[in-house]
Amino acid sequence: MLSGLFFFILVSCVAAKENDVTLPSLNDTKSAKAFIDSAEVVVIGFLEQGEESRGYKEFAAAAKRVDSVSMAVCISKEVWADYGIKSDTIALFRKADNHQENLVIAEIEQLKIDGLVNFIIVNEVRYITEYNQVTAVGLFNSEVKTHLLLFANKGRKEFNELKEKLRALAPEFTNKFLFVVINGADKSNVRSLRYFGLKSEDLPRVGIYDGDSDMKWLLPEGDISTERVRDFCNSFLRGELKEVKQAGTETKTEL
């Protein structure tokens, strides 16, 4: 009987620990700015009543499920004003395009954990974002319509090396390009490769897609160095690529 009681208490303590999530509290403008600057993507729950607010429990639960993104809570109306917040709101801040995506609590009829998790994952655009059906939504909803694309086969030794190289370059082109990596080894990305006239065996390659003009170009074959990719991006910004033959032959349906 004592062993059964001990087991019950142990399980109860573990369950309580799993459900107990303490989110950082941002009490002034300085701490809020420091938090936003601390990572590529962060989320703040601007919740007037703190833990007593509608949506806090769901927000805290979402924070546990999306542990790749730092989250905090702010009840200070002075800070709210700095970010244009007028009522309880979950706001995602990202550096890749200096964007703030707001989810206003009052506008949500049924607030669910899965919905908050989806909001965060969809909008989790980073300095370099791996393309898939979920991240595509955030990428194409961004006001930045030009994408620098790294086509590479995941699992090959150069994949991570090139990804990190371009991640380091991406901040130079904030609000000008979104840097995206497309895994050529994933069969669901065959259409994206074909749009650029590429096959998996042709990789790695780098391309640019401009959503405003629906035009695309490939960096000529050769070493994918930081200098060459930087020059490629700047050539686009100077308008020089418009005189260069586009990559691929297929009409785009979707990437």
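A charge sits over a ring if NZ of Lys or CZ of Arg is within 6 Å of the ring centre and within 35 degrees of the ring normal. In this predicted model, Lys-216 lies over the face of Tyr-195, at 4.3 Å from the ring centre. The charged end of Lys-77 sits over the ring of Trp-80, 5.0 Å from the centre of that ring.

Aromatic rings also meet one another. Eleven aromatic pairs are found in the whole structure. In one of them, Phe-46 and Phe-93, the ring centres are 6.5 Å apart. Their planes stand at 65 degrees, so this pair is edge-to-face. Phe-46 belongs to strand β1 and Phe-93 to strand β3, so the pair ties together parts 47 residues apart in sequence. Phe-46 is buried at 0% relative accessible area, and Phe-93 is buried at 8%. Phe-173 and Phe-179 form a stacked pair, with 6.3 Å from centre to centre and 25 degrees between the planes. Both residues are buried.

Five strands build an open sheet with mixed pairing, in the order β5-β7-β6-β8-β9. Strands β5 and β9 are the edges, each pairing on one side only. Neighbouring strands are turned by 25 degrees against each other on average, direction ignored. Strands β5 and β7 run parallel and are joined by three bridges. Here Thr-129 stands opposite Val-180. Helix α9 lies across β6, β7, β8 and β9, at about 20 degrees to β8.

The cysteines complete the picture. The count of disulfides is zero. Cys-74 is buried, at 0% relative accessibility. Cys-233 is buried at 0% as well.

How values were computed
Residues are numbered from 1 along each chain as its sequence is written. This is a predicted model: local features need pLDDT of at least 70, side-chain atom pairs count only at pLDDT 80 or more; totals for chains, interfaces and linings use all residues. Side-chain values use heavy atoms; hydrogens and water are left out. A disulfide is a pair of cysteine sulfur atoms within 2.5 Å. Buried means under 20% relative accessible area, exposed over 50%, partly exposed in between (1.4 Å probe, protein chains only). Two strands pair if DSSP finds at least two bridges between them. Helices (H or I, at least four residues) and strands (E, at least two) are DSSP runs, numbered from the N terminus. Axes are lines fitted to C-alpha atoms, for helices over the stretch in contact, and angles run from 0 to 180 degrees between N-to-C directions. Contact means heavy atoms within 4.5 Å. Rings of Phe, Tyr and Trp (its six-membered ring) pair if their centres lie within 6.5 Å; planes under 30 degrees apart count as stacked, over 60 as edge-to-face and the rest as tilted.
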